[in-house]
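Could you take a look at this one with me? My notes are below, one point at a time.

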Amino acid sequence: MFTTHPDIGERALLRPAPPEAYDDYEVSVARTLEDLQQVVAIRSAVFLAEQDCPYDEEFDGNDLCATHFLLKRQGRPIGTLRVRWFADFAKLERIVLLPCDRGRPGLKVMLAHMFELVSRKGYRRMIGQIQARLWPVWSRTFKCELIPGRTPFWFSDYEYREIEISVPVHPNALTMTEDPYLIIRPEGAWDRPGVLDASVTRSNSKRSAA
């Protein structure tokens with residue numbers, strides 16, 4: 001679970017979530033099989049059940065090479081999105097909320113944390129493929145524009161448009177010169193000691209004993 005406020009990530013939003021929303025919701029990166037099961041459950045409830053998307057189109061072979069974000073309220077999983085990584089851009093995909101939380105600030109909380117992580121990794125732009133009917137919604141949510149010259153396209157029985165999303169500069173963007181222990185910590189938890197940090201003490205003890 002993210003424990004710091006996404007100050008940089010909020011800059012990508014046109015209007016930030018109310019400060020108290022960060023007390024009502026928690027956002028985390030999916031790290032375990034149980035986390036991924038919750039991601040699948042949310043997407044199945046909306047994309048398969050509500051939107052009648054075929055199973056093999058929704059679960060398209062990219063889930064195990066993506067970073068998934070989980071949104072919870074009072075411990076209940078209610079939203080998710082995923083990000084895939086390319087050379088000089090990231091791709092925002094599969095944004096979804098259960099009906100019980102639509103129109104509430106949870107979406108902005110999740111997006112702010114997502115943008116924070118994307119920015120920390122040094123990315124400055126993202127691409128999104130959105131249902132054309134939702135362009136008015138997304139254009140009022142975060143800083144984005146329709147990509148010029150790109151025509152609409154269709155999949156899973158919906159018309160889609162491509163958008164480019166601006167990502168703010170992070171003052172502590174990760175580089176190849178970071179401390180090696182920082183780089184090997186879990187995704188998004190770079191500022192907290194990880195399990196491999198503890199191995200330093202064990203390794204030093206073994207060298208001293210020798």
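**Notes on the model**

1. Ile183 counts as partly exposed because its relative accessibility is 41%; partly exposed lies between buried (under 20% relative accessible area) and exposed (over 50%), using a 1.4 Å probe and protein chains only. Before you go on, remember that this is a predicted model, where local features need pLDDT of at least 70, side-chain atom pairs count only at pLDDT 80 or more, and totals for chains, interfaces and linings use all residues. Residues are numbered from 1 along each chain as its sequence is written, and side-chain values use heavy atoms, leaving out hydrogens and water.

2. Now try helix 5, residues 106-120; helices here are DSSP runs of H or I with at least four residues, numbered from the N terminus. Helix 5 is largely enclosed by the rest of the structure, because 14 of its 15 residues are buried.

3. His113 sits in helix 5 and is buried, with a relative accessible area of 7%. Leaving aside neighbours within four places in sequence, His113 is in contact (heavy atoms within 4.5 Å) with Phe2, Thr4, Pro6, Tyr22, Val27 and Phe69.

4. Leu111 has its own set of partners: not counting residues up to four places away in sequence, Leu111 touches Leu13, Leu81, Ile95, Trp138, Thr141 and Phe142.

5. Where does the chain take a positive phi just after helix 5? Look at Gly122, with a phi of about 95 degrees.

Definitions and conventions: Helices (H or I, at least four residues) and strands (E, at least two) are DSSP runs, numbered from the N terminus.
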